[in-house]
Amino acid sequence: MEDEIQLISDGSGVAVIGEPGVVEAFLDAQGLESRALDLPRLGTVLSIGGAAAQAGAEVAAQSGRWVKLTKESASLVKEHGLRESKKSGLSTGVIKGPKGQVKGFVEFARSPGSLLGNPAVLAGAAGMMAQLAMQQTMDEITDYLDAIDRKLDDVLRAQTNQVVARVDAVDLALREAMSVRASVGRVSEVTWSKVQATSSTILETQAYALRQLSDLTDKLERTRRIGDLAKAVTEAQGEIDKWLSVLARCFQLHDAVAVLELDRVLDADPDELDRHRLGLQAARRERLDLFSRCTERLSTRLAVAGHTANARVLLHPSRSPATIEAGSEVRTSILQFHDALGIDREPKAVEARRWRTAASEVRDRAVAGGAEGLGSVRRAGGETLQRARSATGKVASRLPRTRSGTDTDE
């Protein structure tokens, strides 16, 4: 196995496993950034079971790196022909060659000595990959929250702090559990008991933030006058940033709980790890879909407001552009929120209609309408004259004819 690299993809990332030097050379050649996959810890857990003890020892001797699935890293899956398992949702394969250079493809099941031919090893590695994917998202959300915090004024920041005070307590508990996990290499029953009830607090805060965003959307839907609409959209900017940041914070904490939960299942019931991982991924997708529906409704409402403002730009030359500009800034906020959480949907955009353009369009329609009106008058006049001539002819035909010269009685 010295020249062999084993690949696993779960749709969120790719694990590269093999001898340390070969793995490093392979990733350098591909130009990919990676994070460490803690195989020694997985090996320790597997070694406790007895039946998987040999596999555990072999896993611990390997080097593993995790690469986030991007356009570049996705080419690994396509280029090397990884085979997908419908049961686990994982794509796996082996490449061979000196220093990770590809010489061919071999399925895991047919590769002698392949660690990932062992279901327990494969499930454990997939669980760790899921953890790394969530930790990557958590880091990206932290960057997003820092950027949002700089945008909020003191009043909005104070309001946000009041809302997230409860989840801050959850964050402290999770940080403590993460610290213990890093020290002892596992999540014990005692550690898990301190954080397992935190999800309810996160869900309550998440539901509150979603309700606030829904109320903002409803308010925009009820607003009809362009002056009120401009004010409503402008005032909503900061509020939307605030509640999106609360949702991102809740999503981050959900992922932190899931990281600890996977460790707990790996330690307590390794046979259930794969099913539990798939269940957590399904719940995560549903959460993202819930957030996406909320922001989609909001962006649709903002797009409608933008079209309304464009239609009335002649009557409101200052308020209409202000409405569209505020809507554009909110759209940018939604896009940043989507990027941080990995939502692959782009909010609707509306381009401001210039006053001169609107005036020119109205003038052109007026000219076209005038020409058409003049043509109609001309057509109508011609038709009237024709009808008059026709009527004159009919009247003349009904008059008695007279002889030329003097009429005499017989």
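**Figure 1. The pairing of strands β5 and β6.** Strand β5 (residues 83-84) is joined to β6 by two bridges, and the two strands run antiparallel. The structure shown throughout these figures is a predicted model. Within this pairing, Glu84 has Ser91 of β6 as its bridge partner. The two strands form a hairpin in which six residues lie between β5 and β6, and Gly89, which sits in the turn, has a positive phi of about 75 degrees.

**Figure 2. Strand β6 and its pairing with β1.** Strand β6 also pairs with strand β1 (residues 4-9), in the antiparallel sense and over six bridges. Glu4 is found opposite Lys96 of β6 in this view. Of the six residues that make up β6 (residues 91-96), five are buried, so the strand is largely enclosed by the rest of the structure.

Figure 3. When residues up to four places away in sequence are not counted, Gln131 touches Arg41, Arg181, Val259, Leu262 and Asp263.

**Figure 4. The largest pocket and its lining.** The largest pocket holds about 1000 Å³ of space. Its lining consists of 40 residues, and those that lie nearest the centre of the pocket are Ser12, Thr137, Arg284, Leu288 and Leu341. Two or more lining residues are given by each of the elements β4 (63-68), α5 (119-151), α9 (226-268), α10 (273-311) and α11 (319-341). Helix α10 provides the largest share of this lining, with 11 residues. Sorted by class, the residues that line the largest pocket are 15 nonpolar, 12 polar and 13 charged.

**Figure 5. The protein chain as the setting for the close-up views.** The protein chain contains 12 helices and seven strands, and of its 410 residues 44% are buried.

Note on methods. Residues numbered from 1 in each chain as written. Predicted model: local features only at pLDDT ≥ 70, side-chain atom pairs only at ≥ 80, totals over all residues. Heavy atoms only, no water. 1 Å grid on protein atoms, 1.4 Å probe; cavity = no way out; pocket = protein on both sides within 12 Å on 5 of 7 lines; lining within 4 Å. Points joined across faces, edges and corners; volume = space filled by probe spheres on them. Helix = DSSP H or I, 4+ residues; strand = E, 2+ residues; numbered from the N terminus. Nonpolar A, V, L, I, M, F, W, Y, C, P; charged D, E, K, R; others polar. Buried < 20%, exposed > 50% of the residue type's maximum accessible area, 1.4 Å probe, protein only. Pairing = 2+ DSSP bridges. Contact = heavy atoms within 4.5 Å.
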